[in-house]
Amino acid sequence: MDPAMPEGQDGQDSEAPEPTAPEDPDAPDPVGAPEERQQAAAEEAEPLSPDAESESEPGPADNPLDAVADPADEETAPDPTEPEATDHSDAVVHPEPAQEPADAPEPAPAQETSSDLGSAPEPEAAEERPDSPARALDEAVENEGPAPHDAVDAPEAPASVEAPDEPEGSRTAIRGDDDAIEGGLLDRVRQAVGKGDRGDRAPEIAGIVDHPDFQDPSRRRERVPDSYGTPLDGADGRRTPLFNGDPTREQTAQGALDDCGVIATLGAVAGHRPEAIRECVRETGDGNYEVRLHEAKFSGSRMRYEPTGRTMALTVTPDLPVFDKDPSTPAFADSTDTGAAWAPILEKAIAGSDQCWSDERRQRWKERSATRDPAHEIPTGYVRLNQGTNPSDRAEMLTQLTGHPARTWEFPTGYDYAGRTADRQLLDDLRGHLSDNSPVLVGSRELRDGEIQLPNGLADQHAYEVTGIDDRELIHLRNPWNHAHPQPMTIGQFRANIRPRYSTLDQA
C-alpha cells in the first residue's frame, strides 16, 4: 500500500461498462486503492460510500489512449461498436467479423460502455471505507484500448484487407473497446497513442509532461494529494534509482489513484518483457526522464491494436503528487517500498500523454466524458486515469509499451472442433499466452445483490494479472496493490468471478 493514503473504492476500475444486463462482464472494476480496499473489507457491513457508488457508474468506454479514427475511415468502415454480453461471467459475445473493402481505411475501435474503476488501496488505519484502488471498475467500463496518447491515423495505402482471424473453437476476438472498466475511478488510461496519419507525418510526437492535473473534484478531499513534490529525491540528496536491477512486477504498486488497470499492465509487461520497460524510459542527464511509447491504432480487419511505426517522445519531470503529511512518498504509484522510480514515471507519462492528442481525439474523449458526467469538466492527466480502464484500454497499453500487436479475447464457450470443452480451451489458451511471455490481464466482476465481497479474496471490479496456472490447474492472479493477492482458483471459480474477456499480446 502506498503510505500516502491511497483511496478506497473510488468507483470501479476503469473498464467501460457494457450493455446493461444481469451481470455486465465488461463493466469496469470499481476497486479502490489497496489500502482503501482493505478498510472496505473491514467495514463490509457498512454500505458503500457515496463516492464508491457514483464511481461505479462508468460511462461509454472510450479509453484515453484510444486511437482516433480518420474521417475517411468512419465513412467507409463498418461501425465497430457492438454490444457485448451483459450476462453473468459466462456470457460471451461473438461479433461478426467486419467485411471491409480492400482499400477501406481501418475503422476506429468500438466504444465501450463499462470500465474497471479499480480504486486505490485504502489506508489501513482509515475509519471510512475509502475508494479502493484495487476495485477496478470492471463492471463500469471494461473498455479495451485506453492509452497514453491518441494519434490520428491517415488512411493507409490500399492493401488487401485480411478478414479477422477466426480462432479455433468459440473463442472470439473483441472488436475495439469493451464495455467494462477496471481500475481506479474509471481507470481509463486509454493510451493516447491512437491512429495517426500515415502520409506526411513526423517520425515521432514530442511533448513535455510537467504537472498533469491530479485533483479530482469527485473524490473526498482527504483522498486527494495536496501538491506536487520531489519524493524521488531523498534527504541525503540522492535520487531513487530509475531501475533497481531488472524491472519486475513486484516493483509496481498502486497508490491513491484508481488506476489499477494501468499499474497491472505495467507490472505484467515488467514480468514478461522487462526489456520493453527498460527501452521505453531513461534518465536524460538534466534531472528529467524521457519516455518513449509506441503509437498504436486499432485495426478493424484484424480486430487488434497495432503499432503505427511512430513513437511518442515525452520529457517527464521528476515532480510527483504528494500529501503534505508525507512529502517523501509518492501519492500514486509507489517508489519508496519498491526502490525503483520507473513505475511512477511511466504512470505520470501516461497521465500527461493526453496533451499530445489530436483535436479529433480530444473531441472523442470530451464526448465520452460528457456522457458520463455532463456537470464536470473533461478530466485530463491523472484525473483521467482515475476514471478506470477496460480490457481494450489495457490491450492498447500493451502495444504502446511493447511495440507489438495486442487484442482482447472473449472466454471460449461450447466445444471446439477438436472436441475440447470451453474450460479446457480457456486453460490451454491462457497457458499458451503465458508460455509465449505474453502478459494476460483480466478484470473481476461487480458485487451482486446481497454480496459483501467476492470469493477467493478478489476485489470486485478490479484489474488483475494472470501470473500462472499450476499443476493442479489452479489459476494464480496478482493484485496491482502489490499485496492482498487472491487465492488460487479453479477454472470454475475463475469463470464465475472474472469478466469473460482478457487482454494479451497477439503473437500471430
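Five aromatic pairs are present in the structure, where rings of Phe, Tyr and Trp (its six-membered ring) pair if their centres lie within 6.5 Å, and planes under 30 degrees apart count as stacked, over 60 as edge-to-face and the rest as tilted. The model is a predicted one, in which local features need pLDDT of at least 70 and side-chain atom pairs count only at pLDDT 80 or more, whereas totals for chains, interfaces and linings use all residues. Residues are numbered from 1 along each chain as its sequence is written, and side-chain values use heavy atoms, with hydrogens and water left out.

One of the pairs is formed by phenylalanine 214 and tyrosine 228, which are arranged edge-to-face at 5.2 Å centre to centre with 90 degrees between the planes. Because phenylalanine 214 lies in the loop between β2 (204-209) and β3 (227-229) while tyrosine 228 belongs to strand β3, the pair ties together parts that are 14 residues apart in sequence. Phenylalanine 214 and tyrosine 228 are both buried, a term that denotes under 20% relative accessible area, with exposed meaning over 50% and partly exposed in between (1.4 Å probe, protein chains only). Phenylalanine 411 and phenylalanine 494 form a stacked pair, at 5.6 Å centre to centre and 20 degrees between the planes. Phenylalanine 411 is placed in the loop between β8 (406-410) and α10 (422-435) and phenylalanine 494 in helix α11 (residues 491-497), so this pair ties together parts that are 83 residues apart in sequence. Phenylalanine 411 and phenylalanine 494 are likewise buried, and together with Tyr502 they form one aromatic cluster.

The secondary structure of the chain comprises eleven helices and twelve strands, these being DSSP runs (helices H or I, at least four residues; strands E, at least two) numbered from the N terminus. Of the 508 residues in the chain, 66% are buried. Among contacts (heavy atoms within 4.5 Å) between residues at least 6 apart in sequence, 85% join residues at least 24 apart.

Helix α4 (residues 260-272) packs against helix α6 (residues 342-352) at an angle of about 130 degrees, with their axes 11 Å apart; axes are lines fitted to C-alpha atoms, for helices over the stretch in contact, and angles run from 0 to 180 degrees between N-to-C directions. This geometry makes α4 oblique to α6, given that angles under 35 degrees count as roughly parallel, over 145 as roughly antiparallel, 65 to 115 as roughly perpendicular and the rest as oblique. The crossing of α4 past α6 is right-handed, that is, the near helix is turned clockwise from the far one by less than a right angle, anticlockwise being left-handed. In this contact, Val262, Ile263, Leu266 and Ala270 of α4 meet Trp342, Ala343, Leu346, Glu347 and Ile350 of α6. The contact residues divide into eight nonpolar, no polar and one charged, with Ala, Val, Leu, Ile, Met, Phe, Trp, Tyr, Cys and Pro counted as nonpolar, Asp, Glu, Lys and Arg as charged, and the others, Gly among them, as polar.

Helix α4 also packs with helix α9 (residues 391-402), at an angle of about 40 degrees and with the axes 10 Å apart, which makes α4 oblique to α9. Gly261, Val262, Thr265, Leu266 and Val269 of α4 make this contact with Arg394, Met397, Leu398, Leu401 and Thr402 of α9, and the residues involved divide into six nonpolar, three polar and one charged.
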